[in-house]
Each structure stands twice: as C-alpha cells, then as structure tokens.
Amino acid sequence: MEANTIQQVNPGKPLRQSRKKKVKQPWMLHLMVLPAAVMVFIFSYIPMGGILMAFQDYKPKPGLFGSPWVGLKHFEYMWQNDYFLQITWNTLFFAGTKIIMNLIIPFFFALLLNEVRKMALKRTIQTLVYLPHFLSWVTLSGILIDMLAQTGLINQFISSVFGIKPIFFLGDGSWFRFTIIFSDVWKEFGFNMIIFLAALSGISPSLYEAAEVDGAGRWKQTIYITIPALIPIAIVVATLALGNVLNANFDQVFNLYSPLIYQQGDIIDTFVYREGLLSGQFSFATAVNLFKSAISLILIVISYRLAYRFAGYRIF
Amino acid sequence: MYHKTVSYRVFSVFNNVFLTLISVLCLLPLFHLLMVSLSSTAPANAGLVTFWPIGFTLEAYAKTFDNANFLSSLWVSVERTVLGTAMALVVNTIAAYALSKETHVFRARNIYLWYFVITMLFSGGLIPGYILILKLGLMDSLMALILPGLVAVFNIILLLNFFRTVPKDLEEAAFIDGAGHFRTFYSVYLPVSMPVLATVSLFIMVGHWNAYFDGIIYIKDASKLPLATFMQTIIVQADMTKLDPAAVANLSQRTIRASQIFISALPILLVYPFLQRYFVTGIVVGAVKE
C-alpha cells in the first residue's frame with residue numbers, strides 16, 4: 001500500500017521499492033547473530049554433549065564414543081558418599097547465608113544513602129563502595145591472607161583492643177565460614193545496592209510532598225513510602241537469588257581455603273575441581289556437576305516464574 | 001520541613017559520618033597493602049606497618065619489575081584484555097542489535113534468544129569444557145582464554161534492552177536515507193549507546209583482567225600465564241604460612257608480594273573511576289524496565 005502511494009507520487013523513481021525492501025533485510029540480521037551463535041554452539045552446546053560421560057567410565061584415549069557405559073554408577077556412589085552430603089550442606093549454608101545478607105544489608109544501606117543530601121558526599125561514598133566488586137578474589141585473597149594472618153593487621157588490632165589471643169581466621173572451621181560470608185558481603189554490598197538506588201530514584205517526589213502536607217516526618221515517609229516502593233524489587237532480587245543456592249562462589253572459596261578446613265569450607269564446585277581435574281576422575285566429577293546443574297536449572301526456572309508472577313519481572 | 005527538625009539533623013550528621021566510615025572501610029585493605037609494599041622488609045615482616053609506610057622504599061617495586069615471569073604475565077594479561085574486549089564487544093553488540101529488533105522485523109529473534117538464554121541456565125560444566133579445549137588443540141594458546149567466554153549472554157541482554165530504548169524515528173530516518181542494518185547499527189545506535197557500551201566494556205575488561213582459573217587449567221607454559229593466574233600461584237604458595245605459624249616469621253617476600261598484588265589491581269583502579277559514572281545508568285537502563 002504505502003510503497004504504491006510513494007510510487008504514485010514519484011512515478012519516475014523505481015529505487016524506492018528496493019529501499020523499502022532494504023528496511024527489513026532479515027538475512028543481514030541473521031548474519032549479525034551468526035558469530036555469537038557459532039561461538040555459543042562450540043563452547044556451550046558441545047560441552048553439554050560431554051555430560052554423557054557422567055554415565056560412562058570415561059577414559060581420554062577412547063574418548064566419549066569409545067568409553068564403556070556404566071549407567072548410574074557414579075550417581076549411586078555420590079549418594080552413598082558422606083562427604084558429598086557434607087559439601088552439599090556447606091554449599092547451601094554459604095549460598096543461603098550470603099543471599100540473605102546480600103539482600104538485607106544493601107537494602108538498608110540504600111535507605112541510609114538515600115538520606116545523604118550532599119550530592120558530592122553521596123557520589124564519593126558510592127564510588128568507594130562499588131570498588132571492591134571490581135577487584136578479583138585473587139587480589140582480595142592476597143590482601144585478606146596478609147591481614148588475617150596471626151601477625152596481621154586484624155589480629156594485632158583485636159589483641160591490642162580486646163587483649164585476646166590471635167584468631168585463626170582462615171585455619172579454624174567456624175571462623176573460616178564467618179570470614180567467607182563477611183568478606184563476600186563486604187565486597188558486594190555496594191554493588192548490590194545499585195538496583196535499590198535505581199528504584200529509589202524512581203519514586204515520585206509528589207508522594208513525599210503530599211506526605212509532608214499531611215504532617216508525616218521523615219521516619220513516617222520512609223516507612224509508608226520508601227520501603228513499600230523498594231519491596232517489589234527486593235522480592236525480585238530474592239526470588240532470582242533462589243536459582244543460586246548451589247553457587248557458593250568458587251573463586252572466593254578456592255582462593256581462601258586449605259586442606260585444614262575442607263570439612264567446613266569445601267563446596268560442590270571446589271570438590272568437582274579437585275576430584276575431576278586434579279585426581280582425574282572425569283566421570284565422577286561430571287556426575288556431581290550434572291547433579292548440581294540439574295537442580296540449579298529447576299530452581300532457576302521456578303525463580304523466574306515466581307519473579308514474573310509476583311513482580312512482572314522479565315529478563316528481556 | 002522535616003529537614004529542620006532537630007532529630008533529623010542529628011540523624012543526618014550521624015548517618016553521614018557512619019556512611020563515610022563504611023566507605024573508607026572499602027578502601028582501607030587496599031591502602032594497607034600499598035603501605036606494606038612501600039615499606040622496608042623488616043618492619044613489614046614484623047607487622048608494624050598499618051596505614052603509613054615505615055622505612056619508605058621502592059625496592060619491592062624494583063624487584064617486581066625485575067622478575068621476568070611477572071613481566072611476561074603482565075604482557076599476556078594486557079594482550080588478553082585488549083584483544084578479548086575488542087572481540088567480545090564486536091560479537092556481542094552486533095548480536096544484541098539484531099536481537100533488539102521486533103519479531104515482525106526479525107522473525108527468528110525469539111528462537112535465537114532462547115538458544116542463547118539456555119546457555120545461561122545450563123552448562124556442560126568444568127570437565128567437558130576442559131576436554132573440548134584439549135581436543136580443539138587450544139591448550140597453551142591465548143584463544144583458549146578468549147574464545148570460551150567470548151559470548152556473554154548477560155551482556156547481550158543488557159545491550160539489547162538498551163538498544164530497544166533507542167527511538168525508532170532515528171532508525172527509520174537512517175533506513176530512508178538508504179542505510180542498511182550494519183550502517184544503522186554503526187552510525188545511529190553506537191553513538192547514542194555510550195553508557196551501556198561503557199558498562200559492558202568495563203565488565204568485559206575487568207572479567208579478562210581478573211580471570212585466573214582458565215589460566216590454571218588451560219595454560220601449562222609458565223611464560224604464557226596471565227597475570228591473575230601468576231598472582232594466584234604466588235598467593236596459594238604463600239598459603240602455607242597461614243597453616244604453620246612458625247613459617248610466618250619466614251615471610252621475607254611480604255613486601256614484594258604486596259607490590260605485585262597492588263600492581264595487578266592497579267589497572268582496575270585506574271579505569272574504574274572513569275567508567276563508573278556511566279555504568280550506573282547502563283545497569284539501571286539494562287536491568288530495570290518500565
């Protein structure tokens with residue numbers, strides 16, 4: 001229709017037709033997705049096929065097509081293994097505690113930061129608290145190991161102020177757990193706060209003005225306007241976090257743990273690395289990983305469904 | 001009105017002081033490390049250095065830059081970060097542009113999107129990935145560090161959500177002027193997408209600079225190790241000291257290690273403040289939708 005009208009207006013210019021076609025050009029869009037699609041196929045989809053080795057006694061020589069099939073042997077071994085239950089519990093404990101702390105602390109920090117009226121101060125604080133998120137766990141482990149050592153800064157401080165014996169932060173099981181959770185919260189709380197700050201900046205000032213007219217002080221305004229405005233986004237963050245209860249942060253644990261505290265510190269991912277790549281038990285490690293991925297997948301799908309139902313959240 | 005009440009003013013002062021202290025706490029460990037690296041060996045080992053260098057010296061830095069392994073790792077990391085970021089930006093942004101189109105323009109859009117999103121939800125895991133790199137003959141190559149993570153679906157989603165906020169009029173004007181998709185992408189979309197491009201670049205750069213684990217499993221040749229992996233081996237070796245209190249006294253390398261850690265974190269400290277003002281907008285527009 002439209003193309004026709006244009007041609008009627010400018011009958012001497014057939015070019016228009018080809019231009020109109022050019023707007024669509026779906027082949028060009030396919031071409032643009034192609035590089036990413038190919039890379040994903042090679043480096044994500046092909047390894048998914050490698051999961052089959054969880055049902056084999058995989059040997060590198062014959063490979064995936066020549067190794068003997070053993071059914072669920074590795075999964076049965078996994079279930080009968082007390083240590084596997086221990087690391088699953090450790091993983092849930094670390095991830096669960098971090099999820100709760102990483103929700104509550106940024107929430108309140110965002111509320112407090114929202115009360116800072118001096119923009120320059122607010123910006124400076126923001127810049128500083130985001131920073132640790134961008135440092136790697138390798139760097140931070142180096143710093144932590146140094147600061148938490150027996151003669152390190154923290155122990156010196158503790159012994160001079162409280163007069164107690166140095167604490168073995170990274171060598172004692174329960175202190176190790178504390179250190180893992182505390183350092184993770186320290187590293188991420190600023191960054192996790194961004195989403196709440198975004199929600200805060202979206203609150204209409206007229207709500208506050210109306211509340212002031214009605215005589216509400218800042219405390220009342222916070223309770224009846226600010227917090228209710230943050231609750232939906234907090235629900236989204238909490239439900240989406242559900243998919244992560246089997247991810248306890250490999251990088252952090254891997255760089256801070258030691259054989260001394262495996263019992264309290266080992267998680268599924270570090271266990272898979274040691275069993276799989278260091279001990280060469282490819283099939284068993286893949287089985288453990290498959291178990292973890294399968295549970296995670298179910299949880300992620302549930303969490304996305306819930307986030308959509310409760311808060312209308314979609315990723316794209 | 002409430003700004004004038006006494007209780008709010010008192011709260012405000014305490015709040016500002018409290019938040020300032022907390023944010024200083026985010027910088028302090030790094031600052032302490034810097035001070036250790038600038039001190040002479042003896043007081044550093046005795047644990048006397050807190051937030052001021054004792055016996056100021058640049059010796060640790062001199063020794064660090066004398067270390068051939070450190071320098072070659074530094075170079076590998078620079079190479080990896082520059083090449084990896086450039087490649088990832090091209091691949092991810094063009095894919096995100098195409099996927100940001102409506103389904104009536106690009107019918108296969110949703111199929112592609114699910115094809116990508118599935119890889120976010122499920123993966124083969126460590127061992128199959130390792131065996132793939134082995135079979136592809138990529139061991140000990142720079143590409144083993146770049147290619148597996150080249151497509152970051154999270155970044156594609158961030159980018160495409162941003163691209164969808166670009167006014168359609170701009171695009172239509174470009175089409176009427178005879179531009180194709182590549183030209184429209186390059187001349188119209190990219191210039192107006194600076195916040196999200198800065199965000200994604202920062203994520204990718206930091207990711208490459210900080211990545212150490214792929215170096216552990218894919219690189220055997222010491223001269224090809226990226227800096228983060230090199231640092232990791234140093235820290236893990238030094239790990240022994242935290243197990244054996246007697247060995248702590250033996251920590252003659254403390255200042256050198258501190259200087260190495262500091263240098264390895266330096267590029268991030270330098271780049272981050274410049275991109276920081278962009279990434280808040282970038283993340284917010286990409287993640288929060290109306």
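How many salt bridges does the structure hold over all chains?

Reply: This is a predicted model, and the structure holds 11 salt bridges over all chains.

The side chain of A:E115 forms a salt bridge with that of A:R117, at 3.8 Å from N to O. A:E115 is buried, because its relative accessible area of 6% is under 20%. A:R117 counts as partly exposed, at 41% relative accessibility. This pair belongs to a network of salt bridges that links A:E115, A:R117 and A:R218.

Another salt bridge in chain A joins the side chains of A:K187 and A:E188, with 3.3 Å from N to O. Here A:K187 is buried at a relative accessible area of 5%, and A:E188 is buried at 13%.

In chain B, the side chains of B:R164 and B:E102 meet in a salt bridge of 3.8 Å, N to O. This pair links distant parts of the chain, 62 residues apart. B:R164 lies in the loop between α8 (153-163) and α9 (168-176) of chain B, while B:E102 lies in the loop between α4 (68-99) and α5 (109-121) of chain B. B:R164 is partly exposed at 32% relative accessibility, and B:E102 is partly exposed with a relative accessible area of 33%.

How values were computed:
Residues numbered from 1 in each chain as written. Chains lettered and ligands numbered in written order. Predicted model: local features only at pLDDT ≥ 70, side-chain atom pairs only at ≥ 80, totals over all residues. Heavy atoms only, no water. Salt bridge = Lys/Arg side-chain N within 4 Å of Asp/Glu carboxyl O. Buried < 20%, exposed > 50% of the residue type's maximum accessible area, 1.4 Å probe, protein only. Helix = DSSP H or I, 4+ residues; strand = E, 2+ residues; numbered from the N terminus.
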